[in-house]
Amino acid sequence: MNNVVELIDVRRKFVQGDVTIQVLRGVDLVVGKGELVALLGPSGSGKSTMLQAIGLLEGGFSGSIKLDGEEVSSAGVDRQTEIRRQKLGFVYQFHHLLPDFDALENVVLPQLIADATPEDAVERATHLLTQLGLSERLHHRPSKLSGGEQQRVAVARALANRPKLVLADEPTGNLDEHTADIVLGEFMALVREQGSSAIVATHNERLAAKMDRVVRLKDGRLA
C-alpha cells in the first residue's frame with residue numbers, strides 16, 4: 001500500500017432555505033506516502049470543506065474516503081475518533097493553542113491523550129520544538145509568543161503523534177511573507193523527516209510551488 005489517502009467521487013452540498021450550494025462536485029484524489037501536495041484555490045472554493053472531509057471532522061459527505069488503505073467515510077464515530085488521533089495531524093490558519101498551557105505542554109498533551117508516557121511525550125515535544133527553533137521558548141504561554149512562534153508550536157503539536165497524514169489549512173495565512181517562508185520550510189522539513197504525507201490548502205501560488213505537487217480546486221472539482 002503506497003497511498004496514504006484516496007478520495008473517490010467525494011461530494012458535499014449545503015442547503016440554505018430554497019437554495020442548494022454544491023461545494024464539492026465529485027472530487028477524486030490520491031496522495032502517496034511521503035508526498036506533500038498543495039491544494040490551491042481562491043477563498044470560498046471549498047478547500048476547507050475538502051480538508052474537513054478527509055479529516056473526518058464533519059458529516060454530510062458522499063463518496064469514498066480511504067486512509068492508509070482503510071475505508072473511513074463509513075466508519076463509526078468511535079473508529080473515526082481513533083483514526084483522527086492515531087493517523088491525522090491538523091494545522092489551521094489560527095493556531096488554536098491552549099492559552100493556559102505553555103508551548104511544551106501544548107505539544108505534550110495530544111501525546112498523553114494518545115497514551116504516550118509522560119517521559120516520552122516530553123522528549124518528543126522538546127525535540128520538535130527545538131527543531132523549530134523554540135528551545136528557549138518551551139515554557140512560554142501562547143500570549144508571550146510571536147505569531148510565527150505560535151504557529152511553530154501548532155506545527156509541533158500536529159506532528160507530535162507522528163501522523164500518517166497532516167492536513168494544513170492556510171497554515172501561514174496570518175504571517176508576513178518572510179516568516180511564512182521560514183515556517184513553511186520548517187514544516188516541510190519535519191514532515192519529510194518523519195515520513196508523513198501532507199495536504200496544504202492555500203491560495204498562495206508561490207508557497208504552493210514549493211510542494212511536490214499542486215492540485216487546483218475549481219467549481220467543486222480538482223483540475
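Modeller: Two strands pair if DSSP finds at least two bridges between them. Strands (E, at least two residues) and helices (H or I, at least four) are DSSP runs, numbered from the N terminus. This is a predicted model, in which local features need pLDDT of at least 70 and side-chain atom pairs count only at pLDDT 80 or more, while totals for chains, interfaces and linings use all residues. Residues are numbered from 1 along each chain as its sequence is written, and side-chain values use heavy atoms, with hydrogens and water left out.

Biologist: How many residues lie between β9 and β10 in their hairpin?

Modeller: Two residues separate β9 from β10 in this hairpin. Asp219 sits in the turn, with a positive phi of about 55°. Two bridges pair β9 with β10 in the antiparallel sense, and Lys218 is opposite Arg221 of β10.

Biologist: In what order do the six strands of the open sheet lie?

Modeller: The order is β6-β7-β8-β3-β9-β10, and the pairing is mixed. At the edges are β6 (88-91) and β10 (221-222), each of which pairs on one side only. Strand β3 (residues 36-40) and strand β9 (residues 213-218) run parallel, joined by four bridges. Within that pair, Leu39 has Val215 of β9 as its bridge partner, and Leu40 stands opposite Arg216. In a regular strand the side chains alternate between the two faces of the sheet.

Biologist: Which strands form the open sheet of four?

Modeller: That sheet has the order β2-β1-β4-β5, with antiparallel pairing. Its edge strands, each pairing on one side only, are β2 (19-32) and β5 (70-71). Strand β1 (residues 3-16) runs antiparallel to β2, and eleven bridges join the two. One of the partnered residues is Arg11, whose bridge partner in β2 is Arg25.

Biologist: Which strands does α2 lie across?

Modeller: An angle here comes from lines fitted to C-alpha atoms (for helices over the stretch in contact) and runs from 0 to 180 degrees between N-to-C directions. Helix α2 (residues 77-87) lies across β6 and β7 (165-169), at about 75° to β6. Helix α6 lies across β3, β6, β7 and β8 (197-202), and its angle to β8 is about 155°.

Biologist: At what angle do α5 and α6 pack?

Modeller: Angles under 35 degrees count as roughly parallel, over 145 as roughly antiparallel, 65 to 115 as roughly perpendicular, and the rest as oblique. Helix α5 (residues 147-159) packs against helix α6 (residues 177-193) at about 15°, with 10 Å between the axes. The two helices are therefore roughly parallel.

Biologist: Which residues of α5 and α6 meet?

Modeller: Contact means heavy atoms within 4.5 Å. From α5, Gly148, Gln151, Arg152, Val155 and Leu159 take part, and they meet Thr179, Ile182, Val183, Glu186, Phe187, Leu190 and Val191 of α6. This contact has seven nonpolar, three polar and two charged residues. Nonpolar means Ala, Val, Leu, Ile, Met, Phe, Trp, Tyr, Cys and Pro; charged means Asp, Glu, Lys and Arg; the others, Gly among them, are polar.

Biologist: At roughly what angle do the axes of α3 and α4 cross?

Modeller: Helix α3 (residues 103-113) and helix α4 (residues 118-131) cross at roughly 130°, their axes coming within 8 Å. The two are therefore oblique to each other. Ala103, Leu104, Val107, Val108, Gln111 and Leu112 of α3 touch α4 at Pro118, Asp120, Ala121, Val122, Arg124, Ala125, Thr126, Leu128 and Leu129. By class, the contact of α3 with α4 has eleven nonpolar, two polar and two charged residues.

Biologist: How do the axes of α3 and α5 cross?

Modeller: They cross at roughly 20° and come within 8 Å. Therefore α3 and α5 are roughly parallel to each other. Helix α3 supplies Ala103, Asn106, Val107 and Pro110, and helix α5 supplies Val153, Ala156 and Arg157. Five nonpolar residues, one polar and one charged make up the contact of α3 with α5.

Biologist: Which residues does UniProt list for "domain: ABC transporter"?

Modeller: The unreviewed UniProt entry gives residues 5-223 for that feature. UniProt positions follow the numbering used here, feature names are shortened, and annotations may be inferred rather than shown by experiment. In the model, residues 5-223 are 36% helix and 29% strand, and the end C-alpha atoms lie 18 Å apart.
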